[in-house]
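Please walk through this model with the structure open beside the text.

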Amino acid sequence: MNYLDPQVTTAYKVIPFELYDTTLKVYWLPRDVVISDETIELAMFPEDYRRAQAIVAEVKRKEFIRSRWLVREAAGEKFLLPSTEDGAPLWPDHLAGSLSHTSGHVVVAVLKRGEYRGVGVDIERISRMKTDLEPRIMTPGEILLVNELMSFPKKGKRNREFWLAVFFSFKEACYKCFCPLIGKRFFFHDVAVHSIDLATQMIKAGPTEGLRENFGNTSDVLGCYKFLDHPDGPFIVTSVVALNQT
Ligand SMILES: CC(C)(COP(=O)(O)OP(=O)(O)OC[C@H]1O[C@@H](n2cnc3c(N)ncnc32)[C@H](O)[C@@H]1OP(=O)(O)O)[C@@H](O)C(=O)NCCC(=O)NCCS
């Protein structure tokens, strides 16, 4: 069955993230893009509606349904997407994916498993960031890195909330990518950003002491951030992929 409606293929935006040798496509469905109920229904299973009904807040319920629609658009196929008790989506064996939603906006990335074994994406509204949270989110070394980034006398310089959103979002993306792979929950100080390239928006990071063993050979983690302008935002979107090193 072809459930993809050719009328709506431009409704979402595809944001390219250059990671390793691949362009990771992150699909963004803005809150204000209307997708008809008929189009959504073609991509849904009764199970999706059953799970959505259990979500009390209407905006969250809509995000849930729209994220399932976007996941299947991004993958180009229709498959069930149950979740573990922990909330991690259970992808079909041949796919790795991740999703995030906030304020009615949804982002999704889906990869064919092979060279990559995992992916994480996250979207955050910059205005939600409170700089007094910095020490909870960032290690002392990361705070020094932000001080350095803030000191560059550059046009279009970003404020601390911007950088906090980048670090917060990147760590959430890392959690979604690596938690299912290592089978262990971890927290903000368990991953540390080593450097940020302002030109390419690349993030180089790695696990800190407590988690190094769990990451095995994956000592270098590569991610990327993008700034999304929208009247509801602005937003930061981050992504990270886990290489298949077997
Ligand atoms: C799981 C978590 C990262 C989700 O982030 P969030 O900002 O609350 O919500 P988002 O919309 O961005 O992401 C939600 C999606 O994450 C995914 N997710 C949830 N738990 C997950 C897990 N254990 N592994 C992978 N993905 C997970 C789900 O797809 C979920 O959407 P769904 O319920 O519609 O399927 C966060 O709630 C959390 O528990 N974090 C753990 C502690 C932490 O933040 N550690 C810092 C990382 S270093």
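**A walk through the model**

Gln 201 counts as partly exposed because it has 16 C-beta neighbours inside 10 Å. The rule is this: a residue is buried if 20 or more other C-beta atoms lie within 10 Å of its own, exposed if 12 or fewer, and partly exposed in between, with C-beta atoms placed from the backbone. Gln 201 lies in the loop between strand E6 (191–197) and strand E7 (202–207). Its phi is positive, about 65°, although Gln 201 is not a glycine. Helices (H or I, at least four residues) and strands (E, at least two) are DSSP runs, numbered from the N terminus.

This is a predicted model, in which local features need pLDDT of at least 70, side-chain atom pairs count only at pLDDT 80 or more, and totals for chains, interfaces and linings use all residues. Residues are numbered from 1 along each chain as its sequence is written. The pLDDT is the predictor's confidence in each residue, from 0 to 100. Its mean over the protein chain is 91, and 93% of the residues reach 70 or more. Residues 1–6 have pLDDT below 50, and this stretch makes five contacts in the model beyond near neighbours in sequence. A contact means that the C-beta atoms of two residues, placed from the backbone, lie within 7 Å.

Ser 103 also has a positive phi, near 50°, in a residue other than glycine. Look for Ser 103 in the loop between E3 and E4. Ser 103 is partly exposed, because 17 other C-beta atoms lie within 10 Å. Phe 79 sits in the loop between H3 and E3. Phe 79 counts as exposed because it has 12 C-beta neighbours inside 10 Å. The peptide bond from Gly 233 to Pro 234 is cis, with omega near 5°.

Now the strands. Two strands pair if DSSP finds at least two bridges between them. Strand E1 (residues 13–19) pairs with strand E2 (residues 22–29) in the antiparallel sense, over seven bridges. Lys 13 stands opposite Trp 28 in E2. Two residues lie between the strands of this hairpin, where Tyr 20 takes a positive phi near 50°. E2 is also joined to strand E4 (residues 105–112) by three bridges, and these two run antiparallel. Here Tyr 27 stands opposite Val 108 in E4.

Leaving out residues up to four places away in sequence, Val 108 touches Tyr 27, Ser 67, Leu 70, Val 71, Ala 74, Gly 97, Leu 99 and Val 121. A nonpolar core is a set of buried Ala, Val, Leu, Ile, Met, Phe, Trp, Tyr and Cys residues joined through C-beta atoms within 7 Å. The largest one has 61 residues, and Val 107 and Val 108 have the most contacts inside it. Helix H6 (residues 160–182) gives the most to this core, with 12 residues.
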